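Trainee: I'd like to learn how to read a fold from its coordinates. Can you walk me through one?

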Amino acid sequence: MSKPRYDWWSYVKGMIRRYPELRRRYGALREGRLTADYSGMPRGGGDGRAVEGLAIRELPSTSQREYKAVRRAVETTEHYRNGQERLKVIELVLWKKTHNLQGAALQIPCHVDTAKVWHGDFIRLVASYYGLMDE
């Protein structure tokens, strides 16, 4: 019996591929200054509204949902018994794009069928957190 094909499979893979860039952008948004300046000294060209500036620079809502879904999947996978190996497969295949599944399996090392299962499990986990899987 074959596994069902999902219409969203390639979308979720793209979401996972975009995660390192979204993580970088999300981190850059959070690096703003959030404390008030009580020194009374002039600071120059800023408007002095750091919190409002951070709120305006937020990621678009779709990007936020994608980022959160992948981040939750990463956090969940880290708690698996072989979580680091699973994430290494995802890193090599989808984030760094330096290996295919066979090459990543050799790098871990694990059997290529195991790498395929881990790859599929991670994609389905992200889809579930994003709300694409039926419960």
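Mentor: Let's go feature by feature, with the general idea before the case.

Mentor: This is a predicted model, so local features need pLDDT of at least 70 and side-chain atom pairs count only at pLDDT 80 or more, while totals for chains, interfaces and linings use all residues. Residues are numbered from 1 along each chain as its sequence is written, and side-chain values use heavy atoms, with hydrogens and water left out.

Trainee: Fine. How many helices and strands does the protein have?

Mentor: Helices (H or I, at least four residues) and strands (E, at least two) are DSSP runs, numbered from the N terminus. Here you get six helices and zero strands, so the order from the N terminus reads α-α-α-α-α-α.

Trainee: And how do I check the span of a helix?

Mentor: The expected span is 1.5 Å times one less than the number of residues. Take α6: with 19 residues, its first and last C-alpha are 27 Å apart, close to the expected 27 Å. For α3, 18 residues should span 26 Å, and the end C-alpha atoms are 26 Å apart, which agrees.

Trainee: Which residues of α6 are buried?

Mentor: Buried means under 20% relative accessible area, exposed over 50%, and partly exposed in between (1.4 Å probe, protein chains only). In α6 the buried ones are Ala 115, Trp 118, His 119, Gly 120, Phe 122, Ile 123, Arg 124, Leu 125, Val 126, Ala 127 and Tyr 130. A helix has 3.6 residues a turn, so residues three or four places apart point the same way. The buried set of α4 includes Arg 86, Leu 87, Val 89 and Ile 90, and that of α3 includes Ala 69, Val 70, Ala 73, Val 74 and Thr 77. Over the protein, buried residues make up 34% of the 135 residues.

Trainee: What about the nonpolar core?

Mentor: In soluble globular proteins, nonpolar side chains tend to be buried together. A nonpolar core is a set of buried Ala, Val, Leu, Ile, Met, Phe, Trp, Tyr and Cys residues joined through side-chain atoms within 4.5 Å. The largest one here has 31 residues, and Val 12, Ile 16, Val 70, Val 89, Phe 122 and Val 126 touch the most other members. Helices α1 (9–29), α3 (61–78), α4 (83–95), α5 (101–107) and α6 (112–130) each supply at least two residues of this core. Helix α6 gives the most, with eight residues.

Trainee: Which residues does Phe 122 touch?

Mentor: Contact means heavy atoms within 4.5 Å. Leaving out residues up to four places away in sequence, Phe 122 touches Ile 16, Val 70, Ala 73, Val 74, Thr 77, Leu 87 and Ile 90. Phe 122 counts as buried because its relative accessibility is 3%. With the same exclusion, Val 126 touches Val 12, Met 15, Ile 16, Ala 69, Val 70 and Ala 73. Across the protein, 67% of the contacts with a separation of 6 or more join residues 24 or more positions apart.

Trainee: Is Trp 8 buried or exposed?

Mentor: Trp 8 counts as buried because its relative accessibility is 13%. Trp 8 lies in the segment before α1 and touches Ile 123, Arg 124, Ala 127, Leu 132 and Met 133, not counting residues up to four places away in sequence. Trp 8 and Arg 124 sit 116 residues apart in sequence and 9.9 Å apart in space, C-alpha to C-alpha.

Trainee: Which residues line the largest cavity?

Mentor: Rolling a probe the size of a water molecule over the atoms shows where empty space is left. On a 1 Å grid over the protein atoms alone, a cavity is a set of points where a 1.4 Å probe fits but cannot get out, and lining residues have an atom within 4 Å of a point. The largest cavity has a volume of about 40 Å³, and its lining is Thr 77, Tyr 80, Arg 86, Trp 118, Asp 121, Phe 122 and Leu 125. Helix α6 gives the most to this lining, with four residues.

Key:
1 Å grid on protein atoms, 1.4 Å probe; cavity = no way out; pocket = protein on both sides within 12 Å on 5 of 7 lines; lining within 4 Å. Points joined across faces, edges and corners; volume = space filled by probe spheres on them.
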